[in-house]
Amino acid sequence: MSFNEGEYYAATTSNSTINWGRHLLTQKSQVTSLFGADVLWGKGYTGAKVKMAIFDTGIREDHPHFRNIKERTNWTNEDTLNDNLGHGTFVAGLVAGQDAECLGFAPDTEIYAFRVFTDAQVWEITANNIIMVSAIGNDGPLYGTLNNPADQSDVIGVGGIDYSDHIASFSSRGMSTWEIPHGYGRVKPDVVAYGREIMGSKISTGCKSLSGTSVASPVVAGMVCLLVSIIPVNNRKNILNPASMKQALVEGAAKLAGPNMYEQGAGRVDLLESYEILKNYQPRASIFPSILDYKDCPYSWPFCRQPLYAGAMPVIFNATILNGMGVIGFVESPPTWHPLDEEGSLLNIRFTYSEVIWPWTGYLALHMQIKEEGAQFSGEIEGNVTVRVYSPPSQGEKSPRRSTCVLQLKLKVVPTPPRSKRVLWDQFHNIKYPPGYIPRDSLDVRNDILDWHGDHLHTNYHIMFNMLCDTGYYVETLGSPFTCFDAHQYGTLLLVDLEDEYFPEEIEKLREDVLNTGLGLAVFAEWYNVETMVKMRFFDDNTRSWWTPVTGGANIPALNNLLAPFGIAFGEKILNGDFSVNGEQSRYASGTNIVRFPGGGYVHSFPLLDTSESGATQSVLTSGMIKAASPILGLVEAEEGRIAVYGDSNCLDSSHMVTNCYWLLRKILDFTSSNIRDSVLFSDFSKQHTPLTEADNQLPSRRTDVNFSSYSAVLGKDLICWSDSRFEVWGTKGYNLHVRGRNRVLPGYPVTDLGRGLNSTMNTSKSRRPKYAEISKGDSLGSKYFGMFYKDELDMPVLVASHWLVPLVVAVTGLLVFLSFWRIRQRRRRRRKGSVPSRLANL
């Protein structure tokens, strides 16, 4: 079915108007027609003199659907060049097929078929000006499931949609996760395309339909071939590269109503709009996404769900710099923030970015924080962030290529919420695959052995995040040690499914925060059993090595160290079963048990199966097993603070959840943040009059056969606050440091003390400060410091080195006082002696 054959065709080059008859959406349609390839064919563009490499399962040499199979290469250990599975043939058909039933986008494209399924050197490929298109994966609807290499910035990552412009259920979701815990993921996929019931070539002859993002990606690859052919061959080296093609695709894409940026990227590809962009293209740099708008919900999720406010951890937005000017580029000067009006000066931004942009792409991360004088401000802040990029001159040019990139910000700000409504999520102590074999949390799920979804509020805990926002809580993320946050600001510290160790300073600070500062602590643990971990060992054919878990679902020995000051510890049972609390049904999926708990607290036990003996390697036969009552939930008041512990996190995790326990989380946060006690959870029946005790040698122990420091952000590492910390402690060891200076007060916005207080000075001897740029007024370092003596308040909190300024002031004052007393004493002596030397009289 061609556009030219239908009565319902209406298309313009604007990305807002492409319509077709509803009958097209219910059939196995020609995907080329849906994207308007007919229009470009009519102009004579068919992919001629374009080379397309297809890394897949191969292709038959004499396949009737293809005109130009130029070369076939076998990179596998099988002695054949042909396609035995059909996937490579199908993909090639979407790109360059000429059968009338399943047309490809660019039938004159030259096909180079590589029969291979191993990872390529992606950077090396793109650096050599090869445009790489990759499927993002079929692990949807789960978040944080992007596949490599589609999650790389220099690769065009493609997701799938159906004919109704809904994100296909199988299409993986962002964000990218390799930046965490110290950063924030990128927007991926880049674009989406039709990937359900798409017609393509069979192995021998004829057509068939398939679905998946590996179908959507060759749809985009076919478009790329067609778009390349519109550029004259003699000009392709000057214009065509991975960045310029991605610019044409993302800027021409049509944003879909409903999906967020981590589901659709820039939106549905629009072949004709990208054609208009590319045919007049001049090499330039740009930012993707180019707009962050808190009003644009749900597209700008998660940012649009929670506004900014003073005193919060910086909100990080990680954008990508696309440099169409050259394979290598440089940021000419630090990025700058240009507020639209005076209120925009309430926003502090620090930038981390790629000083060298290679190959073709780099990152620009905004760390946004509202100044303290904006604690009562409610409204919107708008403005632009600009960054200048340059690349070396191209062949025949004398001057470097330069371009100014613009990122538009439209942010929402609210007054600082009360402490009881602020929850801090610990991201720092999470270890994900890679680099280590971190096993799944629910041992019932045997087809997904790795815990690889990021364990972030905006990946596999995104539904929980939305629920907390709807309930009125404000949730912030901590990607640094516990010494890097001020406990006075938060009602509860939320620890969920954590695998890393803890610095001794963290354990001591948390004890102080809970007992004396009144911080609430909510812990959701996971299973930990050494014998089960050993059973989960397997031989990996790709790396030719044995893989063994570096920890359990959670690092229980480390958690027990953290909770030891409160008399709480978890055991090594692996418990499974269903239970009910006041009509709320819950599933306990491979959780652990509580073996220590202080008297006076409230402990809930339920009859559950202990599957630690067999849960990792074989199906558990539950018919003959006996359920025993095991303590799994405990709540206790600890001097000024309150603590709640639960042995399972699967009921909060969207990945393999059977039933959620959001009801329990809400009741726990009511208790830990506001001391609101649910009558069921705090019934007399559950009160623990005597402590639960367990000998130290009976607690779970660490593995001695694993070098855990290779995976840990704690063991063998420096204690430092990373770039997701408050600006005044960024690059230091934390809140035992002293901060001097105050932000300039804007007219009408009084300074509000958020309870942070003054902290002692930073110790620069061992701390490593990350490279960053910050907004400033261009003052010299000296004028910033001496401005404090002239009532010139600072834009940013300034770290003043107490080892020279404060001692100097004290020393001068002391010297003056000493001289004054000495002078008085000398005068008295002179009176007694009756003679005064002239030099002392002058003094």
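A disulfide here is a pair of cysteine sulfur atoms within 2.5 Å. Keep that cut-off in mind as we walk through the cysteines of this predicted model. By that rule, Cys484 and Cys721 are joined, with 2.1 Å from S to S. This bond ties together distant parts of the chain, 237 residues apart: Cys484 sits in the loop between strands E22 and E23, while Cys721 lies in the loop between helix H15 and strand E34. The link is left-handed, at -95° about the S-S bond, and both Cys484 and Cys721 are buried.

Next up is the pair Cys651 and Cys661, whose sulfurs are 2.0 Å apart. Both cysteines are found in the loop between strand E33 and helix H15, ten residues from each other.

Now for Cys297 and Cys304, another disulfide with a sulfur separation of 2.0 Å. The bond between Cys297 and Cys304 is right-handed, at 70°.

Altogether the model has four disulfides. Counting the bonded cysteines along the chain, they pair up as 1-2, 3-4, 5-8, 6-7.

So what about Cys469? It takes part in no disulfide. The nearest cysteine sulfur belongs to Cys304 and is 9.5 Å away, and a bond would need the two sulfurs within 2.5 Å. Cys469 is buried as well, because its relative accessibility is 15%, under the 20% cut-off.

Conventions. Residues are numbered from 1 along each chain as its sequence is written. This is a predicted model: local features need pLDDT of at least 70, side-chain atom pairs count only at pLDDT 80 or more; totals for chains, interfaces and linings use all residues. Side-chain values use heavy atoms; hydrogens and water are left out. Helices (H or I, at least four residues) and strands (E, at least two) are DSSP runs, numbered from the N terminus. Buried means under 20% relative accessible area, exposed over 50%, partly exposed in between (1.4 Å probe, protein chains only).
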